[in-house]
Amino acid sequence: MRQKIVAGNWKMNKVFHEAEDLVGAIANAIDDREPDCEVVICTPSVFLEMTGDYSEESQIRTGAQNVSEHESGAYTGEISAAMLDSMAIDYCIVGHSERRKYFGEKDEVLYEKAERLIENEIIPIFCIGEQLEDREAENHFKVVEAQLVNSVFKFNKDEFSNIVIAYEPVWAIGTGKTATPAQAQEMHAFIRDLIAKKYDNETAEETSILYGGSCNAENAKELFSQKDVDGGLIGGASLKANDFTKIIYSF
Ligand code: PGA
């Protein structure tokens with residue numbers, strides 16, 4: 001179902017007591033004043049139990065940052081979708097550009113990861129986005145379309161309706177260089193149109209498409225005011241309670 005979402009992606013940051021303080025501060029802030037969006041915190045896996053406890057008593061929803069493409073078995077160090085499901089985890093990021101770049105994750109494996117999540121009723125936040133050279137060569141639409149076609153467009157309509165898409169231009173991630181609201185809107189409308197062509201208008205209208213890449217307390221309002229931008233996937237600015245809270249109230 002299409003809804004407004006602000007999701008924090010902590011990446012590999014914080015130690016336990018810092019993580020607890022940060023989740024606690026965000027939970028307090030949003031429990032005082034009900035936000036107009038779903039608030040998701042995607043923490044490192046070792047903090048998921050703690051964040052999951054907050055999910056039970058506050059409006060925070062918990063997300064993981066990675067999941068195995070395998071169901072279970074001899075995969076040392078991996079975490080399965082069934083394990084996440086057994087711990088009150090509602091979302092999981094898949095296909096983040098850092099996983100694609102540093103861990104060699106390709107469309108096929110990302111599709112399998114999303115499939116495991118859907119089977120376990122966890123919502124994949126599926127990331128797509130072009131590199132700087134793709135945009136400079138004006139190939140950004142083609143690249144994003146190929147990422148969709150080679151992964152999540154393999155799902156049938158029912159399966160796809162469980163997915164949140166995050167458009168994250170790689171040149172904007174952690175660089176302080178945000179896509180302009182017009183650039184974000186243009187790509188989000190393009191993605192929604194592709195979804196309509198692949199499935200139907202209703203599915204396209206019901207899909208949440210988040211923007212990610214140097215989204216912060218200053219620029220969130222303008223980005224979120226764009227017609228096809230349903231919220232954000234927030235990296236750096238999700239590590240400070242005040243900044244993240246401001247983003248949450250940017251709708
Ligand atoms: P950023 O990261 O907000 O620090 O640019 C976003 C992301 O990687 O999801």
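## Pockets and the ligand

The lining of the second largest pocket is made up of seven nonpolar, six polar and four charged residues. This is a predicted model, and the volume of that pocket comes out at about 250 Å³. Of its 17 lining residues, Met1, Ser161, Asn162, Ile163 and Glu206 sit closest to the centre. Two elements, helix H8 (157-160) and helix H10 (201-206), each give two or more residues to this lining. H10 is the top contributor, with three.

Now for the largest pocket. Its volume is about 540 Å³, and 20 residues line it. Nearest its centre you'll find Lys11, Gln65, Asn66, Arg99 and Phe103. The lining here splits into eight nonpolar, eight polar and four charged residues.

On to the ligand. Which residues come nearest to the ligand? Out of the 13 around it, they are Lys11, His96, Glu168, Gly174 and Ser214. The shell around the ligand has four nonpolar, seven polar and two charged residues.

| Residue | Part of the residue | Distance to a ligand oxygen |
|---|---|---|
| His96 | side-chain N or O atom | 2.6 Å |
| Glu168 | side-chain N or O atom | 2.6 Å |
| Gly174 | backbone N or O atom | 2.6 Å |

As for cover, the ligand on its own exposes 280 Å², and the protein buries 95% of that.

Methods: Residues numbered from 1 in each chain as written. Predicted model: local features only at pLDDT ≥ 70, side-chain atom pairs only at ≥ 80, totals over all residues. Heavy atoms only, no water. 1 Å grid on protein atoms, 1.4 Å probe; cavity = no way out; pocket = protein on both sides within 12 Å on 5 of 7 lines; lining within 4 Å. Points joined across faces, edges and corners; volume = space filled by probe spheres on them. Nonpolar A, V, L, I, M, F, W, Y, C, P; charged D, E, K, R; others polar. Helix = DSSP H or I, 4+ residues; strand = E, 2+ residues; numbered from the N terminus. Near = heavy atom within 4 Å. Polar contact = N/O pair within 3.5 Å; in protein donor to acceptor, adjacent residues only side chain to side chain. Areas by Shrake-Rupley, 256 points an atom, 1.4 Å probe, with all protein chains shown as cover.
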